[in-house]
Amino acid sequence: MSNKVHLGHTARKRFGQNFLNDQNIIDNIVAAINPKVEDHIVEIGPGLGALTEPVAAKIDNMSVVELDRDLVQRLESHPVLKDKLTIHQGDALQFDFSTLAQEGQRLKVFGNLPYNISTPLMFHLFEQADIIENMHFMLQKEVVLRLCARPNTKAYGRLSVMAQYYCKMIPVIEVGPQCFVPPPKVDSAVIRLEPYRELPHPALDIKQLQHVVTQAFSMRRKTVRNSLKGVLSVEEMEELGVNATYRAEQVSLKQFVDIANYITNRSKK
């Protein structure tokens with residue numbers, strides 16, 4: 001069997017498909033998800049069902065969002081899964097996950113995410129974080145490092161700040177390329193994201209926070225005095241306890257929120 005074909009399905013480059021096929025890793029991920037009968041579970045990109053099957057075995061039904069029509073047909077005719085899945089054929093980036101959330105019940109979301117859409121997809125889910133209990137994602141290891149990064153580290157950036165604004169990060173397991181067909185050229189890792197019920201540092205205007213963080217990191221070699229010039233004066237930064245000679249990677253989440261909230265309040269005056 002060529003490494004491009006797996007169970008009669010050819011992995012498609014345009015969908016970023018790499019299929020997980022290491023039983024030990026699969027068992028570890030399912031244990032981390034810990035599916036219970038009463039859970040409302042959603043899988044993004046079930047692919048050939050490597051994770052879908054063992055998760056579905058523990059519950060009565062679950063929802064899946066899959067873009068690839070061929071894979072949707074496979075799932076619809078799968079002897080076991082066809083009776084357990086509610087299949088939504090479409091692009092997870094456009095999907096409204098709130099349509100799946102029932103009264104008083106949050107979603108547990110998981111997926112082996114295609115690397116080319118993982119960051120925009122997480123931002124899409126952060127916007128719906130209030131209906132999500134937790135998320136378990138297989139991602140490029142580098143993305144997991146960025147999600148967990150602390151200030152004053154190279155990996156710390158826009159993704160770190162915005163993800164940590166919404167969620168607590170818990171790394172689960174590292175996964176080598178040999179665990180996939182075809183093997184990707186990078187290492188992977190699984191991370192658990194737990195949206196906060198109450199945000200530790202709430203922003204008055206989330207768009208303002210996103211704007212400040214994006215602007216600061218778009219010029220990450222410059223000091224915030226320069227990257228946020230025109231947005232905040234040096235005096236205002238000092239008033240907020242932010243050192244104007246810091247670069248973006250030295251500014252904490254709380255400080256970014258303080259800056260954004262200051263701007264929001266100032267614009268109301």
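Residues are numbered from 1 along each chain as its sequence is written, and side-chain values use heavy atoms, with hydrogens and water left out. Since the model is predicted, local features need pLDDT of at least 70 and side-chain atom pairs count only at pLDDT 80 or more, while totals for chains, interfaces and linings use all residues.

Confidence comes first. The chain has a mean pLDDT (the predictor's confidence in each residue, from 0 to 100) of 92, with 94% of its residues at 70 or more. Over residues 1–9, though, the pLDDT is below 50, and this stretch has 22 contacts (heavy atoms within 4.5 Å) beyond near neighbours in sequence. Residues 11–15 also stay under 50, with eleven contacts beyond four places in sequence. Where pLDDT is low, the predicted coordinates should not be read in detail.

Now for the sheet. Helices (H or I, at least four residues) and strands (E, at least two) are DSSP runs, numbered from the N terminus. Seven strands make an open sheet with mixed pairing, in the order β6-β5-β4-β7-β8-β11-β9; two strands pair if DSSP finds at least two bridges between them. At the edges sit β6 (85–89) and β9 (167–175), each pairing on one side only. From one strand to the next, the twist averages 20 degrees. Strands β8 (residues 132–140) and β11 (residues 188–195) run antiparallel and are joined by six bridges, with Gln140 opposite Ser188 in β11.

Two helices pack on this sheet. Helix α1 (residues 23–33) touches β7 (107–112), β8, β9 and β11, and its direction makes about 160 degrees with that of β9. Axes are lines fitted to C-alpha atoms, for helices over the stretch in contact, and angles run from 0 to 180 degrees between N-to-C directions. Helix α6 (residues 158–166) touches β9 and β11, at about 115 degrees to the direction of β9.

Helix α6 also packs with α4 (residues 118–126), at an angle of about 30 degrees and with axes 10 Å apart. That makes the two roughly parallel, a label for angles under 35 degrees. Thr119, Phe123 and Phe126 in α4 meet Arg158, Leu159, Met162, Ala163 and Tyr166 in α6.

Finally, the backbone. Most residues other than glycine have a negative phi, and most peptide bonds are trans. Asn34, in the loop between α1 and β4 (40–44), has a positive phi of about 55 degrees. A cis peptide bond joins Val181 and Pro182, with omega about -15 degrees.

Conventions
Angles under 35 degrees count as roughly parallel, over 145 as roughly antiparallel, 65 to 115 as roughly perpendicular and the rest as oblique.
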